[in-house]
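Me: I'm new to reading protein structures. Could you walk me through salt bridges and nonpolar cores, one feature at a time?

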Amino acid sequence: MKILMIGSGGREHALIKKLQTSPKCDKLFCAPGNGGISRDAEVVNIGVMDKENMVKFARDNDIDLVFVAPDDPLADGMVDAMQQAGIRAFGPNANAAIIEASKVFSKNLMKKYNIPTAKYEVFDNAEKAVEYVKSENVAPVVVKADGLALGKGVIIAQTVDEAVTAIKEIMEDKKFGDSGNNIVIEEFLTGPEVSVLAFTDGKTVKPMVSSKDHKRAYDNDEGLNTGGMGTVSPNPYYTDEIANECMETIFKPTIAAMNAEGRPFKGCLYFGLMITPNGPKVIEYNARFGDPEAQVVLPRLKTDLVDICEAVIDEKLDELDIEWYDGAAACVVMASGGYPLSYKKGIEMFGLDENGGVDGAIVYHAGTKYENGKFFTNGGRVLGVTAKADTLDEALNKAYAAVDKINFEGAHFRHDIGKTK
């Protein structure tokens, strides 16, 4: 099979490395890809939102399977465009991807179908939102931009004043552009966070192994929220008992709710969960693999990913037994100095071999370019350095040992990935 991956980050590199292992995969393309991906697939210079040229490329190159990985093209109907052209594509249609593209939609869906989540209110007017947080007078409180904001549209305000500032930044200063035309203000939940990705064909839902993401930029969960500074799998807080409860109260009801709304979801559905004192609740949905969750979940996948993609597209997921490796995986993100704010690009990287790897670890490239046999930084999150082992401690030790071999000016990473409080 010829397979086209759409995207350019660490998640896409992790998916490519997993697809590569399939005996069914003859040729891999990635649009637009990155420096590390160029060592594993043929990169194609087409932007992720360019439906017309993406469809044309898939047609001209007899692509058998298109994998749409990022949120923006999913919400914009890239899968729909491929299907209309008669090309098989993995990922939800635009009308289902709204579960991530609109926080207002997803919160209202949960309320309507009694899926456990935080209490919330929706606003399209900044003054009314400010009035509400002042009258409630409760903090911390969570302020969320409605639309896609590169994973950064959620602000946890520690005081009412901070909440007022957040509302003004999102709604009046347009910090996240039109994503902030509507906002959700919701109660702050406490408890361990769990990420669970699930394959679903719109009828059957098969959760993957759990993971834990570390969002803050610095050690001890300090600093700004990022797209994710590291992950571990399995999540130590996600017991079999909680998994069963989530299946009955969250996973199955979500798939049923989307069907009831005439928006069947096919692809990878991401459940961001909080294990509260009152049981598991949904913090957010994503319509695709998480990043960097994919980097620890996919190395543990035993079953051929191509087979899973085909079963999802053909709505035959119930016929496939998905197997996982025991043990654990850990991913440490190496980021550019200054991330998630401003940072330099084009800094030469040292310690990587010609394929962008390091002995003893899997190195997923997120923001790199490859020129004249050298790797350079080209983004905020640069690498996801990942290791697999029998225990989480061993996996973490291996990942950090690999991080120590890689260097570039300004590189920063967290030293406490996988540490539970």
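Reply: Happy to! A salt bridge is a side-chain nitrogen of Lys or Arg within 4 Å of a carboxyl oxygen of Asp or Glu. Please keep in mind that this is a predicted model, where local features need pLDDT of at least 70, side-chain atom pairs count only at pLDDT 80 or more, and totals for chains, interfaces and linings use all residues. Residues are numbered from 1 along each chain as its sequence is written, and side-chain values use heavy atoms, leaving out hydrogens and water.

Me: Where do Lys 252 and Glu 248 lie?

Reply: Both lie in helix α9, 4 residues apart, about one turn of the helix. Helices (H or I, at least four residues) and strands (E, at least two) are DSSP runs, numbered from the N terminus.

Me: Is Lys 252 buried, exposed or partly exposed?

Reply: Buried means under 20% relative accessible area, exposed over 50%, and partly exposed in between (1.4 Å probe, protein chains only). Lys 252 has a relative accessible area of 41%, so Lys 252 is partly exposed.

Me: How many salt bridges does the structure hold?

Reply: It holds 24 salt bridges. In another of them, Glu 100 pairs with Arg 288, with the closest N and O atoms 2.6 Å apart. Glu 100 lies in helix α5 (residues 94–101) and Arg 288 in the loop between β17 (279–286) and α10 (294–297), so this pair ties together parts that are 188 residues apart in sequence. Both Glu 100 and Arg 288 are buried.

Me: Now for nonpolar cores. What is the general idea?

Reply: In soluble globular proteins, nonpolar side chains tend to be buried together. A nonpolar core is a set of buried Ala, Val, Leu, Ile, Met, Phe, Trp, Tyr and Cys residues joined through side-chain atoms within 4.5 Å. Here the largest has 49 residues, and those with the most contacts inside it include Leu 4, Met 82 and Phe 251. Helix α9 (residues 240–260) gives the largest share of this core, 8 residues.

Me: What does Met 82 touch?

Reply: Contact means heavy atoms within 4.5 Å. Not counting residues up to four places away in sequence, Met 82 touches Ile 6, Met 54, Val 55, Ala 58, Val 66, Ile 87 and Ala 89.
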